Amino acid sequence: MNSGVLELRNKLDSALQQAASVAELENLKVEYLGKKGSVTALLKEMGKLSPEEKKSFGSEVNALKDYAAQAIADKAELLQKLELQKELDAVEEFDISMPPVLDRGSYHPVTLVQRKCEEVFRTMGFTVEDYSEIVTDYECFESLNIPKFHPARDMQDTYYLDNGQLLKTQTSAAQNAIYKKYKDALINEGKPIKAVFPGRCFRNEATDACHENTFFQMEGVMVGKDISIANLIYSMKTMLSEVFENYGLKVRLRPGFFPFVEPGFELDISCQICGGEGCPSCKHSGWLELCPCGMIHPNVLREGGIDPDVYTGFAFGLGLTRLAMMKYGVKDIRDLNSGSLTAMSQFFDDK
Ligand code: FA5
């Protein structure tokens, strides 16, 4: 055998013996068989040899090439087996007689509260409507008496799509469509409009213990002849008492401004986390702003095809996520969107 071929083969054998990982073998492959590798370099010696020597040298180099490829592959297989065995040895022994641990899930607290509210409103004759999360500027603002450049828009910055649509900031965005859907039955058959529409809302704002950029609301409207603030207060009190199973629950109404209601109110409930003493969840006021509401503005009814001189109505926008916080004692609203099983597992049915 040519001395150069023999020397390279011996060098490869000892390198293979020392190689301890698949990664090292990859390097060896490049070092010996790569385009600039040692075996390829040997071929450059050919020019110095006689025609007879060239023939035997060429076949010896080819044989070395095959040998190197096979030897590297064999060693790689061996190392892979050893690495797998090492991993298996590290796995703790598995006891098949152990009872299974079944991690059962549950509905999210917001879903539970939403379903409870839907159930209560259904018993009061309301229909439950679904509405999209992506809406137009008209649906979210203009149809609600909030023209372009109205300062009320500043409080509800949101995420805009390239096509001009936006992620809805409030479930009120469905009001106009609901009025148009049911106005004929109201006008022709005298059927009052009674609907709730829960949905996810989005606002481009900083988060804290009681604000998220993604949260749930439930809108409700009732429109008919002689609908008054008394109907509004009765509906809200009935719903909240049922949700909290607390018929002595304290609520308060404060004047509130929303361009789509007149008069408008803020309905607060006493903080169910601190019992009204004051805590971070209620910004130390003892009250949590839960449900703005009011009598639907004539412009909004008119835009929905309903004559405000004949019909009146109330609307409310319940903060469902905040309601879930109150009901389940969640101190930080961000836990509800965290996807953390540790935070949420306390609400699982079997806990
Ligand atoms: C509105 O969104 C009005 N559309 C409500 C309304 C409907 C008024 C019909 C009158 C008639 P507001 O921005 O205050 O109003 O939000 C309503 C409720 O949603 C709040 O009381 C609060 O409970 C909840 N909410 C608002 N912003 C957030 C937020 N960033 N994170 C969590 N909950 C929020």
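**A helix and the strands beside it in the tour**

Guide: Let's start at Gly125, which has a positive phi of about 90° and comes just after helix α5. Helices (H or I, at least four residues) and strands (E, at least two) are DSSP runs, numbered from the N terminus. What you see is a predicted model, in which local features need pLDDT of at least 70, side-chain atom pairs count only at pLDDT 80 or more, and totals for chains, interfaces and linings use all residues. Residues are numbered from 1 along each chain as its sequence is written, and side-chain values use heavy atoms, leaving out hydrogens and water.

Now step back into α5 itself, residues 109-123. The expected span of a helix is 1.5 Å times one less than its number of residues. Which residues of α5 are buried? They are Pro109, Val110, Val113, Gln114, Cys117, Glu118, Val120 and Phe121. Buried means under 20% relative accessible area, exposed is over 50%, and partly exposed lies in between (1.4 Å probe, protein chains only).

Next, visit strand β1 (residues 127-128), which pairs with β4 in the parallel sense over two bridges. Strands count as paired if DSSP finds at least two bridges between them. Here Thr127 stands opposite Ala195 in β4. Strand β4 (residues 193-202) has eight of its 10 residues buried, so the rest of the structure largely encloses it. β4 also pairs with strand β5 (residues 214-224), this time in the antiparallel sense over 10 bridges. There, Arg200 has Phe216 in β5 as its bridge partner.
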